[in-house]
Amino acid sequence: MKQIINDQNIEMQFNKMWQDYEPYIRKLCEYKLRSIPHCIDDCVQETFNALVKSMKSGIVIEHPKAWLSTVANNKIKDIYEQRKKEAEYIVFQNEEIDRLAYYDDIKIKNMTDDEIEKLRFHVLSQLTDFEQILIDDYYVKKMKIKEIAEKNLISQSSVKQKLFRTRKMIVYLAKKEIDEHNL
């Protein structure tokens, strides 16, 4: 019985906070996410979901507007960081495919976007887990050779050698895929 009363109390408090602060949080999200408007509703919803979760865990929120603003700003930051990672990954993939274009026997310029995407997926999926992580660290995360070496407990020369071999493997696999499927 006490749990039911507690849930009703949380619901009443939430409804009051929603009514009082949702317009403010929405305007904050609209302003900061104006370049990606399709993320606004998600940001508002995730902010208030965090409120419910906190309330259910027994956290007392003394200054709800400030608390909600902080959560919303963190959600906005997360959205932009995720979009940046996605953009960097796309740039990485395009750089690798463009790198292949320098080889005369690969006629990548004549390939459609779908064919390039299929090639990209097939080639990257054939790399070992370590090779994928290495490529991701170096090209996407823009880590330095020294950082990668420390992270993986190997020498810097080993990292350089593995990167060189992985790039050669990517070119080899792409050539093979193009030849086998007449892309």
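Begin by selecting D41 and R26, whose side chains meet in a salt bridge with an N to O distance of 2.7 Å; a salt bridge here is a side-chain nitrogen of Lys or Arg within 4 Å of a carboxyl oxygen of Asp or Glu. This pair links distant parts of the chain, with D41 in helix α2 and R26 in helix α1, 15 residues apart. Helices (H or I, at least four residues) and strands (E, at least two) are DSSP runs, numbered from the N terminus. D41 is partly exposed at 49% relative accessibility, and R26 is partly exposed at 23%. Buried stands for under 20% relative accessible area, exposed for over 50%, and partly exposed for what lies in between, with a 1.4 Å probe and protein chains only.

Before going further, please keep in mind that this is a predicted model, in which local features need pLDDT of at least 70 and side-chain atom pairs count only at pLDDT 80 or more, while totals for chains, interfaces and linings use all residues. Residues are numbered from 1 along each chain as its sequence is written, and side-chain values use heavy atoms, with hydrogens and water left out.

**Along helix α1**

Why are R26 and E22 separated by about one helical turn? The two are 4 residues apart in helix α1, and therefore about one turn of the helix lies between them. E22 counts as buried, at 14% relative accessibility.

Next select K16 and D20, which form a salt bridge of 2.9 Å, N to O. Both lie in helix α1, which covers residues 2-32, and they too are 4 residues apart, about one turn of the helix. K16 is partly exposed at 48% relative accessibility, and D20 is partly exposed at 37%. Side chains of opposite charge can pair when their charged atoms come close.

**A patch of negative charge**

Now select D42, E46, D78 and E81, which gather on the surface in a patch of negative charge. Such patches are made of residues with over 30% relative accessible area and no salt bridge, like charges being joined within 9 Å and nonpolar side chains (Val, Leu, Ile, Met, Phe, Trp, Tyr) within 5 Å. Lys and Arg count as positive and Asp and Glu as negative, whereas His and the chain ends are not counted; the place of a charge is taken as NZ of Lys, CZ of Arg, CG of Asp or CD of Glu. Helices α2 (40-56) and α3 (64-100) each supply at least two residues of this negative patch. One of its members, E46, lies in helix α2 and is partly exposed, with a relative accessible area of 39%.

Select D136, D137, K141 and K151, which are linked in a network of salt bridges. Then move to K142, found in the loop between α5 (129-140) and α6 (145-152), where its phi is near 55°, a positive value in a residue other than glycine. K142 counts as exposed, at 52% relative accessibility. L153, in the loop between α6 and α7, likewise has a positive phi of about 55° although it is not a glycine, and L153 is exposed with a relative accessible area of 78%. Most residues other than glycine have a negative phi.

Which residues does T166 touch, not counting residues up to four places away in sequence? Select T166 in helix α7, residues 156-181, and you will find L127, E131, L134 and I135 touching it, where contact means heavy atoms within 4.5 Å. T166 is buried, with a relative accessible area of 2%.

**Stepping back**

Among the contacts with a separation of 6 or more, 64% are between residues 24 or more positions apart. The chain exposes about 12600 Å², of which carbon and sulfur atoms supply 52%; accessible areas come from the Shrake-Rupley method with a 1.4 Å probe, and for residues only the protein chains shown count as cover. The structure holds 6 salt bridges.
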